[in-house]
Amino acid sequence: MDEIKKLAEMLRQSKDTLVLTGAGISTESGIPDFRSPGTGLWTRMDPMELLSRPALERDPVGFWRRVEPMFRQMAEARPNEGHYALARLEKAGLIRGVVTQNIDSLHQKAGANVVLEVHGHLRSVYCPGCGAEEDMPAFLDRVAAGESLQCRCGQIFRPHVVLFGDQLPECFNTAWRWARVCDLLVVVGSSLEVAPVCWLVPEAKRVAIINMGSTQCDYLAEVVIRGRAGEILPALAAAAGE
Ligand SMILES: [Zn+2]
């Protein structure tokens, strides 16, 4: 496809390329985009309500019971060809790294080293009182078994996920700096509807977008490729000669 060749050429020309990924790259790993209604076991609830800081603070035990199936499915998912292709591009020195809105760790599982997780991750939980940490899988087993979710200090553990109402983590500032200095930003699998991540896009000198549907920033992109990340990214990596 001509557009893939064009983007491969842009990649080769660029001395500093950043990739921004969203839920669309993980749907092929069996993780539904929780913003598209009507599918999956957790979409009976509004994610803005389900994954909100007020919901966690109001009823932490109920919060954990509701999110447990969703977190478990994400934590057990496997990377797909799109994640592997990005990891190869990083190893080949063709991209600096990935800024991701996803919390599923699939970039790292595919072998990526430079990943800015601006919405957090699911590898562990922490205590907001004393900072103690626990592995997520063991903690989810405690939730499923109805055991105590309290830290030794008495507070209830919370996820390292950025909830609605939380501040963004420090790595968002790094993502912002990198977007401003990069030659090329490649958006993959995001409709760019979620602020402030979507604000990174106008900062970049050149923009390319790979997504199934249209996005808020298509007008900023020199190349827009409609398709599945698991097909487009391996073809792009091959065309760029990784
Ligand atoms: Zn504690």
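Analyst: Terms first. On a 1 Å grid over the protein atoms alone, a pocket is an open set of points where a 1.4 Å probe fits, with protein on both sides within 12 Å along at least five of seven lines. Grid points are joined across faces, edges and corners, and a volume is the space filled by probe spheres set on the points. This is a predicted model: local features need pLDDT of at least 70, side-chain atom pairs need 80 or more, and totals for chains, interfaces and linings use all residues. Residues are numbered from 1 along each chain as its sequence is written, and side-chain values use heavy atoms, without hydrogens or water.

User: What volume does the second largest pocket have?
Analyst: About 210 Å³. Lining residues have an atom within 4 Å of a point. There are 14 of them, and Tyr126, His160, Val161, Val162 and Pro169 are the closest to the pocket's centre.

User: Which elements give two or more residues to that lining?
Analyst: Strands E4 (120-126) and E6 (158-161) do. Strands here are DSSP runs of E, at least two residues; helices are runs of H or I, at least four; both are numbered from the N terminus. E6 gives the largest share, four residues.

User: Which domains does the lining of the second largest pocket draw on?
Analyst: At least three residues come from each of domain 1 (1-31 + 79-119 + 168-242) and domain 2 (36-76 + 121-161). Those bounds come from an automatic or database domain assignment.

User: New topic. Which residues of helix H7 are buried?
Analyst: In H7 (residues 136-144), they are Met136, Phe139, Leu140, Arg142 and Val143. Buried means under 20% relative accessible area, exposed over 50%, partly exposed in between (1.4 Å probe, protein chains only).

User: Why do the buried residues of H7 line one face?
Analyst: Seen down the H7 axis, they fall within an arc of 155 degrees, so they share one face. The arc is that of the directions from the helix axis to the C-beta atoms. The face turned away from the buried side carries exposed Pro137 and Ala144.

User: What covers the buried residues of H7?
Analyst: The cover includes helix H4 (60-76), E4, strand E5 (133-135) and E6. Contact here means heavy atoms within 4.5 Å.

User: Is Ser105 buried or exposed?
Analyst: Buried, because its relative accessibility is 9%.

User: What about Leu192?
Analyst: Leu192 has a positive phi of about 60 degrees, though not a glycine. Its loop runs between strands E7 (184-188) and E8 (206-211). At 2% relative accessibility, Leu192 counts as buried.
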